[in-house]
Amino acid sequence: MVAPISFAEACFHVAAHSAAILSANAFKARHCDLLRALGRVLAAPVLADRDQPPFPRVTRDGFAVRAEDIASATPLRVVGQLRAGEPWPPGNPPLAAGEAVEIMTGAALPPGADAVLMVEHARETLAGSIDDSSAEASQHRSVTPQVGRTLTAGENVVPRGSEARCGELLLEPGTRLGPEHIALAASCGLRSIPVFPQPRVAILATGDELVEPSLPWPGFEPPANQEKTPIQSHQIYDSNSFALSALLRRAGAIPLRQRPALDQLDDLADCIRQGLDAAPLLLLTGGVSRGKFDLVEDVLASMGAEFFFTGVTMQPGKPVVFGRVPATATRSPRYFFGLPGNPVSAMVTFRLFVQPVLAAMSGEQRWQPNMALARLAADLRVKPGLTRFLPAHLDTSQPVATVTAVRTQGSGDLAANARANCYVIVPDNCDVLATDQIVQVLLR
Ligand code: AMP
Ligand code: MG
């Protein structure tokens, strides 16, 4: 039996394999409608299709003017109106001294103008004789800036090309697409975008005590093909494979959930083989501790597995295993994680170790764990020697985020885990974290 390694060493192994997976990335890009691209990883650079903004974009409703004309509070003659989406008529001369154009947010600043006087800072008047029989012809609108109001050239206008020049790199390949990236692609006129395929991941829960959840919500009929599995008092429902399915979906992967395997060499070997055949990554839960019927490592070893680590000095998650099974005639080498059976341990180790590997398999560059700093609400005492991830509640309603550990019965306490929204990280050399101390938290 190999001694467990430190959390830092385990992260190092995971990072090294993730980097190798990423650099070997030879995924074929496929095109995806922009509306379905959320959470996918971009496979090619997105370049600005033209200058952004493509014209000097007016950012306020008001009057396009020459800024120098505003210094004196004299009326300017309003010579026209420009709405958003309306071009400056091609034959029109540029705005001359003493002139203004009524203009709306989103319109292109007309030639000759260099700033926009906000409508709130202007007073409109009608000038000329209204007695005249040709009133319309002799009467004109004028606008007078508020007394003391000044304007500098460029005010309330975003210059053409100031956000990006035509051809400039806007999104790098390997970017996990969020709403902001999708907005940027749409602003370049794109309706589809090349993305990497989503990694497929096999999930295998192990344990003789596991029963598949199959109960309908009271009052609802079960789906026609689903049998209700009776559960005995000594059995538990398999929640891990559902937790992992959800975590994988969140991470942009495709979960392939198998039925739970028994703690028997034959059944376990069959199920593991099936999982390895199905996907380039297999996530197992349970059966990796030191119990007599914890057979996962034995079965994997019998398949020639190489183990990068078998146990990490962390809590939860100490029994976690990471390794690779060699290629066979019909498939490439397969990575696997043996996650602990305890549900909280399985979820925490997924976030810390599986997610970087998944990110690499997705072609995602620069993945980082979701960490933050927060003020600890109450003392935390632990036995040193293990890096701990304690279920906790982060309150961000105050100016400084505050974190409080939740009361828990340990790594099997799914109720406490659901009440929590993060994990406080306690370094392995630490026995107390004091109230008000700034601590690191792993966000969900
Ligand atoms: P093991 O790692 O197999 O020793 O399991 C540790 C604990 O986790 C035991 O209490 C198991 O019953 C529980 N456990 C194992 N697998 C699952 C699962 N798929 N869903 C929920 N609990 C599990
Ligand atoms: Mg077990």
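I call a residue buried when its relative accessible area is under 20%, exposed when it is over 50%, and partly exposed in between, with a 1.4 Å probe and protein chains only. The structure is a predicted model, in which local features need pLDDT of at least 70 and side-chain atom pairs count only at pLDDT 80 or more, while totals for chains, interfaces and linings use all residues. Residues are numbered from 1 along each chain as its sequence is written, chains are lettered from A and ligands numbered from 1 in the order in which they are written, and side-chain values use heavy atoms, with hydrogens and water left out.

**Entry 1: Ala-115**

I began with Ala-115, which counts as buried because its relative accessibility is 0%. I found Ala-115 in strand 7, residues 115-118. Helices (H or I, at least four residues) and strands (E, at least two) are DSSP runs, numbered from the N terminus. I then looked up Phe-63, whose C-alpha lies 8.3 Å from that of Ala-115, although 52 residues separate the two in sequence.

**Entry 2: Domains**

I noted four parts of the protein chain: domain 1 (7-27 + 198-362), domain 2 (30-47 + 169-196), domain 3 (57-158) and domain 4 (371-443). These bounds come from an automatic or database domain assignment. Taken over C-alpha atoms, the centres of domain 2 and domain 3 are 40 Å apart.

**Entry 3: Aromatic pairs**

I next turned to the rings. A pair of aromatic rings is described by the distance of the centres and the angle of the planes. Rings of Phe, Tyr and Trp (its six-membered ring) pair if their centres lie within 6.5 Å; planes under 30 degrees apart count as stacked, over 60 as edge-to-face and the rest as tilted. I recorded 10 aromatic pairs in the structure. One of them joins Phe-7 and Phe-353, a tilted pair with 5.8 Å from centre to centre and 45° between the planes. Phe-7 belongs to helix 1 (residues 7-23) and Phe-353 to helix 7 (residues 343-361), so this pair ties together parts that are 346 residues apart in sequence. Both Phe-7 and Phe-353 are buried.

I then examined Phe-307 and Phe-336, whose ring centres are 5.7 Å apart and whose planes stand at 75°, so the pair is edge-to-face. Phe-307 lies in strand 18 (residues 306-310) and Phe-336 in strand 21 (residues 334-339), so parts 29 residues apart in sequence are tied together by the pair.

**Entry 4: Ligand 1**

Which residues are closest to ligand 1? I found 17 residues around ligand 1, the closest being Glu-209, Asp-238, Ser-239, Gly-287 and Gly-341. A residue is near a molecule if one of its heavy atoms lies within 4 Å of it. By class, this shell has five nonpolar, nine polar and three charged residues. Ala, Val, Leu, Ile, Met, Phe, Trp, Tyr, Cys and Pro count as nonpolar, Asp, Glu, Lys and Arg as charged, and the others, Gly among them, as polar.

An N or O atom in the side chain of Glu-209 is 2.5 Å from an oxygen atom of ligand 1. A polar backbone atom of Asn-240 is 3.3 Å from a nitrogen atom of ligand 1. An oxygen atom of ligand 1 lies 3.2 Å from a backbone N or O atom of Asn-342. Taken alone, ligand 1 exposes 480 Å², of which the protein buries 77%.

**Entry 5: Loops and backbone**

I looked up two cis peptide bonds. The bond from Gln-52 to Pro-53 is cis, with omega near -10°, and Pro-53 lies in the loop between strand 2 (46-47) and strand 3 (57-58). The bond from Gln-315 to Pro-316 is also cis, with omega near 0°; Pro-316 sits in the loop between strand 19 (314-315) and strand 20 (321-325).

I also recorded positive phi values. Asn-156, not a glycine, has phi near 65°, and Asn-156 is buried, with a relative accessible area of 15%. Arg-366, likewise not a glycine, has a positive phi of about 60°, and Arg-366 counts as exposed, at 58% relative accessibility. Arg-366 is in the loop between helix 7 and strand 22.

How values were computed: A polar contact is a pair of N or O atoms within 3.5 Å; within protein, one must be able to donate a hydrogen and the other to accept it, and residues adjacent in sequence count only if both atoms are side-chain atoms. Accessible areas come from the Shrake-Rupley method with a 1.4 Å probe; for residues, only the protein chains shown count as cover.
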